[in-house]
Amino acid sequence: METLSIGQEIVAACERLGRHSDDPDGLTVAYLGAAHRAVAADLKEEMAGAGLAVTVDAIGNVIGRRSCGRPGARTLITGSHFDTVRNGGRFDGRLGIVLPIALARHLNETGERLPFDLEIIAFAEEEGLRFASTFLGSSPLVGQFDASVLERTDAAGVRLADAMRDAGLDPAGIAGLRRDPGTVLGYYEVHIEQGPVLLAAGEALGVVTSIAGGVRHSCRVTGSAGHAGTVPMRLRHDAGTAAAEMVLALEERCSADPSATVVGTAGRFEVVRGATNVIPGECQFTIDLRGAADGPRDLALADVLRSCREIAARRGVLFESELTMNVPATPCTPAWVDALAAAVASLGRPAHRMPSGAGHDAMMMGRALPMAMLFVRCGNGGVSHSPHETMTAADAGQAAAATLAFWRGRGTAARDVPAKAQE
Ligand SMILES: [Zn+2]
């Protein structure tokens, strides 16, 4: 396989899909909008052109299948999502769909059979842009679909279930999408890194060890509002400066985390009814803490909340916090991680192992199946969820070569065990 030419083919396919957008100036593809339907139609064509048997399931996932011709063979599922965030990048999600399609085309040309049935799934929804609900595409396959989201409405008041029926999809069929794990070898996903780590390390590929979980708190600090000119500094109970000290404590704790895998962010910070000449009486902020493993993340959270209470007590303000999200980390399957690392190393460089700070379909699929994930270097300083997101054809070609080497070793290995069962 000529890696540069297959890499060029992969990049060109991402560019082609990137011409469909709900928003003419950027790349916005919301679940079941006009651009989404156009991308799905293109993907059907791309899959059929690569010799795959194409179907669309009840939630709108586009599926291309390549049988190995062996009766009773298990299926290796690979794929990613084709919806985007608002003004997203051309490679996010789509790379993990068009790369295996290009490989399937190549395998059909050479006549090579893999030791398993291959299924490429273009997941219809992962980002949660339209209905604020993520993993609509992958969750039904592992029995994790939350049926209550069918009643959710988009910004225009359209119910999810009605949007599906309008698009010719069948909400009643979602329950039947669950796969029997006994028939599936596992799940493998290629994704652009969406960060600067590989770029800084000078490596094209990264082998994901774990997908970070996240915990979020919504925090409120209540002090005493007062006249900015008349209240002496020593008599103030300033909610704004107290909250600022709390956010600095968050940064300090995460920067010094002994596991070096915890990141913390206060993405929203607001002085409620703030005014230039008023001492802040109330301040609200958010805490978003993520980690490759739950233990270090939870320790960091406990420390941060304790610091916040100490700061509040010292400054004479009230601190309250409310848990708004708690998603556990998903470890990748160790045997698959090692096999993927060996496949990457077979290309001539030692594999760079790293956790994923962002969530992916692999996180959902890994709840029920053996799972591995390959990251590809992100150009332009590592920017993603942006039109400036980019990657080189050479790197895409390396990812295709590593994927093929990894696939060739699957199916011959002993029964792989899902990550969950190993704890
Ligand atoms: Zn993605």
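How are H1 and H10 oriented to each other, roughly parallel or roughly perpendicular? Before the answer, a word on the model: it is predicted, with local features needing pLDDT of at least 70, side-chain atom pairs counting only at pLDDT 80 or more, and totals for chains, interfaces and linings using all residues. Residues are numbered from 1 along each chain as its sequence is written.

Helix H1 (residues 3-17) and helix H10 (residues 393-409) have axes that come within 7 Å and cross at roughly 110 degrees. H1 and H10 are therefore roughly perpendicular to each other (the term covers 65 to 115 degrees). On the H1 side, the contact (C-beta atoms, placed from the backbone, within 7 Å) involves residues including Thr-3, Leu-4 and Ile-6, and on the H10 side residues including Ala-393, Ala-394 and Ala-396. By class, the residues of this contact are 9 nonpolar, 5 polar and no charged; here Ala, Val, Leu, Ile, Met, Phe, Trp, Tyr, Cys and Pro count as nonpolar, Asp, Glu, Lys and Arg as charged, and the others, Gly among them, as polar.

Let's turn to H3. Helix H3 (residues 95-110) has 16 residues and reaches 23 Å from first C-alpha to last, close to the 22 Å expected at 1.5 Å a residue (1.5 Å times one less than the number of residues). Among its buried residues are Leu-95, Pro-100 and Leu-107, buried meaning that 20 or more other C-beta atoms lie within 10 Å of a residue's own. After H3 comes Gly-111, with a positive phi near 75 degrees.

Finally, the domains: the assignment gives domain 1 (3-211 + 329-422) and domain 2 (213-327), with C-alpha centres 37 Å apart.

Terms used: Axes fitted to C-alpha atoms, helices over the stretch in contact; angles between N-to-C directions. Helix = DSSP H or I, 4+ residues; strand = E, 2+ residues; numbered from the N terminus. Parallel < 35°, antiparallel > 145°, perpendicular 65-115°, else oblique. Contact = placed C-beta atoms within 7 Å. Domains from an automatic or database assignment. Buried ≥ 20, exposed ≤ 12 C-beta atoms within 10 Å, placed from the backbone.
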